[in-house]
Amino acid sequence: MTAKSNVKSAADAAPQQASIVLTFDNNSHARALFGQFEQNLTLIENRLGLDVRSRGNQVSIKGDPTAAEQARRALDSLYDQLQKTGKDPEAADVQGALRMAIAADDQLQLPTMNGKENIAAAQIATRKKTIFARTPNQDKYMRALDRCELVFGVGPAGTGKTYLAVAHAAMLLERGHVERIILSRPAVEAGERLGFLPGDMKEKVDPYLRPLYDALYDMMPGEQVERALTAGLIEIAPLAFMRGRTLANAAVILDEAQNTTSMQMKMFLTRLGENGRMMVTGDPSQVDLPRGEKSGLIEALQVLDGVDGITEVRFKDVDVVRHPLVAKIVSAYDSAHGAYEAAGRGTYPRRRDKESGDAS
């Protein structure tokens, strides 16, 4: 069940116009939903080209019938999230709800839709934070993480693939579904010479794992993260030192997987143990390996395509949930270099090749 609101709709005098009135049963939640100076309503109004006005705990939506229905879905979803979490929606939440509402008309089937009436976005909930899917591919990814033991999340920066993987791992640990979280990332710049770097193992690889740490601290209280690191419930496991291990009862994340070699990727994937969950994330268009070295991620996506129990979710520039300019930047680079979707499966150009103007 989505937001508890009363909805009334009627055809306008103009044949291509619709009027929808939403009545919300909680006045304080309604004010939070509308935003300070009604900024959330203004965002919806500008994005969909509608006339959106509030009065008390009511919102009237006038304009194109399809756009008006999309606005209704978005507001209904945001109100439901507000009731569940008590957190006032921000601009990014509104943008996410709009993406999901619009996707209901763009796709024949969307797992989060009850018909096309209401949106029930996938969510990841920890004691500190609840995250709702902000794009259809995020929704698909979050549901895949629930269903499958091995999930590949591939796509450009800013799509949430790493953040959501860490959030899911934190949720599994809190609920007792796994006994530990293992974080790994290839340290391409340091090669296999981590032993020459100063400090203990954690200090050697911390710079490479900072995005994973940031997500952990966002999902769990800081003192809980520190205790878990000290107790070994959260483990830093450099890829170069994982050979021979069996990772049972663990949520294992490999980030920046495009920078693994073929042998490293095979070695990592075969570490999966009983009651283990693996999440592999990366951007095939941003390979930093030396020329002539095949990306283990690109190869794995080809070799494991269609294997039962393994799911691949591919993000696109439209899934970028950072600053709106990030999506435009990703799209511009993809167009210029023929990367990502424009490239054939498994033929993504390496970053170094793109910088030198050569083709891989």
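1. Basis of the model. The model is predicted, and local features need pLDDT of at least 70, side-chain atom pairs count only at pLDDT 80 or more, and totals for chains, interfaces and linings use all residues. Residues are numbered from 1 along each chain as its sequence is written, and side-chain values use heavy atoms, with hydrogens and water left out.

2. Overall make-up. The chain holds 12 helices and 14 strands; helices (H or I, at least four residues) and strands (E, at least two) are DSSP runs, numbered from the N terminus. Of the 360 residues, 51% are buried. Buried means under 20% relative accessible area, exposed means over 50%, and partly exposed lies in between (1.4 Å probe, protein chains only). The chain exposes about 17200 Å², of which carbon and sulfur atoms supply 49%; such areas come from the Shrake-Rupley method with a 1.4 Å probe, and for residues only the protein chains shown count as cover.

3. Contacts along the chain. Among contacts with a separation of 6 or more, 69% are between residues 24 or more positions apart. A contact means heavy atoms within 4.5 Å.

4. Helix H1. In H1 (27–34), the buried residues are Ala-30, Ala-32, Leu-33 and Phe-34. They pack against strand E2 (18–24), H2, strand E3 (51–55), strand E4 (58–63) and helix H3 (65–85). Gly-35 follows H1 and has a positive phi, near 90°.

5. The loop between H1 and H2. Phe-37 lies in this loop. Although Phe-37 is not a glycine, its phi is positive, about 55°. Phe-37 counts as exposed because its relative accessible area is 75%.

6. Helix H2. Asn-40, Leu-41, Leu-43, Ile-44 and Leu-48 are buried in helix H2 (residues 39–48). These residues are on the same side of H2 because they cover an arc of only 155° around the axis; the arc is that of the directions from the helix axis to the C-beta atoms. An α-helix has 3.6 residues a turn, so residues three or four places apart point the same way. After H2 comes Gly-49, with a positive phi near 70°.

7. The pair H5 and H6. The axes of helix H5 (residues 136–147) and helix H6 (residues 161–174) come within 11 Å and cross at roughly 35°. Axes are lines fitted to C-alpha atoms, for helices over the stretch in contact, and angles run from 0 to 180 degrees between N-to-C directions. The crossing of H5 with H6 is right-handed: a crossing is right-handed if the near helix is turned clockwise from the far one by less than a right angle, and left-handed if anticlockwise. On the H5 side, Gln-138, Tyr-141, Met-142, Leu-145 and Asp-146 take part, meeting Lys-161, Leu-164, Ala-165, His-168 and Met-171 of H6. The residues of this contact divide into six nonpolar, two polar and two charged. Here Ala, Val, Leu, Ile, Met, Phe, Trp, Tyr, Cys and Pro count as nonpolar, Asp, Glu, Lys and Arg as charged, and the others, Gly among them, as polar.

8. Leu-145. This residue of helix H5 is buried, because its relative accessibility is 2%. Leu-145 and His-168 are 23 residues apart along the chain, with their C-alpha atoms separated by 7.3 Å. Leaving aside residues up to four places away in sequence, Leu-145 touches Val-151, Leu-164, Ala-165, His-168, Arg-277 and Met-279.

9. Glu-256, in the loop between E12 and H9, has a positive phi near 55° and is a residue other than glycine. Glu-256 is partly exposed, at 24% relative accessible area. In H9, the buried residues are Gln-264, Met-265, Met-267, Phe-268 and Leu-269. Their packing partners are strand E9 (150–154), strand E12 (250–254), strand E13 (277–282) and helix H10 (296–303).

10. Met-267. Helix H9 (residues 262–269) contains Met-267, which is buried at a relative accessible area of 6%. Not counting residues up to four places away in sequence, Met-267 touches Leu-239, Met-242 and Arg-243. Met-267 and Arg-243 are 24 residues apart in sequence, and 6.6 Å apart from C-alpha to C-alpha.

11. Thr-311. Strand E14 (residues 310–314) includes Thr-311, which counts as buried at 15% relative accessibility. Beyond residues up to four places away in sequence, Thr-311 touches Ala-144, Cys-148, Leu-150, Val-151 and Phe-152.
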